[in-house]
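Subject: Structure handover

Hello,

Please find the structure below, followed by notes on what was found in it. The notes cover salt bridges, the disulfide and the nonpolar core.

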Amino acid sequence: MEGLRGKQSPNLDPLTALGIESKSDLQRRHYAELWVKQEYERTEKELKFQREVDAAWKRLMPNMLPVNMGNAAGIAHDSGGRLALFVREADCQRCDARLSAVLADKRPVDIYLVDSEGSDQKLRSWAQQHHIPVEQVRERRITLNHDAGRWMRYGNGIMPVLLQQGASGWHIAAF
């Protein structure tokens with residue numbers, strides 16, 4: 001770091017600097033593996049803390065979202081096409097946040113529950129738990145659907161994913 005690398009990248013962490021400046025593939029692989037292990041440990045610590053923060057929100061502020069999403073947080077508004085939101089029932093806080101944002105946006109949306117296992121009761125129960133407006137379902141502004149493979153075909157396995165219908169078909173609007 002006292003040489004050119006230090007001038008080019010003064011705040012570079014030691015493992016990355018050693019990996020970049022490695023003289024052989026074997027050395028580079030060694031530093032890359034050390035970096036991955038270190039990054040894994042860092043990420044696990046952050047995720048554990050985030051899970052505790054999420055649990056604290058539920059305990060201390062059960063009726064309040066931890067973030068005010070405002071509108072649908074990054075949803076394209078240009079085509080006016082219908083939206084399709086793919087979510088899962090089990091343990092998906094990002095799904096719940098995206099659902100809240102989409103509902104706040106008040107645009108027509110088709111909601112697909114990917115782990116409903118074809119059970120209408122499971123789908124209805126999920127909708128009740130998530131306070132899906134019944135009148136909007138009756139008016140078909142919101143539809144509740146079983147996935148039946150559409151998520152993998154259109155959403156590329158991203159969870160949650162929001163698609164928007166445009167002139168050339170469905171495209172990812174937000175995830």
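Predicted model: local features only at pLDDT ≥ 70, side-chain atom pairs only at ≥ 80, totals over all residues.

**Salt bridges**

E21 is the acidic partner of R5 in a salt bridge, with 2.9 Å between the closest N and O atoms. The two residues are 16 positions apart and link distant parts of the chain: R5 lies in helix α1 (residues 4-8), while E21 sits in the loop between α2 (14-20) and α3 (25-60).

In total, 8 salt bridges were counted. Another one pairs E89 with K122, where the closest N and O atoms are 3.7 Å apart. This pair also links distant parts of the chain, at a separation of 33 residues. E89 belongs to the loop between β1 (83-87) and α4 (93-105), and K122 to helix α5 (residues 120-129). E89 counts as partly exposed because its relative accessibility is 28%. For K122 the value is 23%, so K122 counts as partly exposed too.

**Disulfide**

The count of disulfides is 1. The bond runs between C92 and C95, with an S to S distance of 2.0 Å. The link is right-handed, with 70° about the S-S bond of C92 and C95. Both cysteines, C92 and C95, are buried.

**Nonpolar core**

The largest nonpolar core contains 25 residues. Which residues have the most contacts inside it? They are I111, W126 and I132. Two or more residues each come from β1, α4, β2 (109-113), α5 and β4 (161-166). Of these, β1 contributes the most, with 5 residues.

Setting aside neighbours within four places in sequence, W126 is in contact with V87, R88, E89, L99, I111, L113, I132 and L144. That list includes I111 and I132, which are named with W126 among the residues with the most contacts inside the core. The list also includes E89, the salt-bridge partner of K122.

Regards

How values were computed:
Residues numbered from 1 in each chain as written. Heavy atoms only, no water. Salt bridge = Lys/Arg side-chain N within 4 Å of Asp/Glu carboxyl O. Helix = DSSP H or I, 4+ residues; strand = E, 2+ residues; numbered from the N terminus. Buried < 20%, exposed > 50% of the residue type's maximum accessible area, 1.4 Å probe, protein only. Disulfide = S-S within 2.5 Å. Core = buried A, V, L, I, M, F, W, Y, C linked by side-chain atoms within 4.5 Å. Contact = heavy atoms within 4.5 Å.
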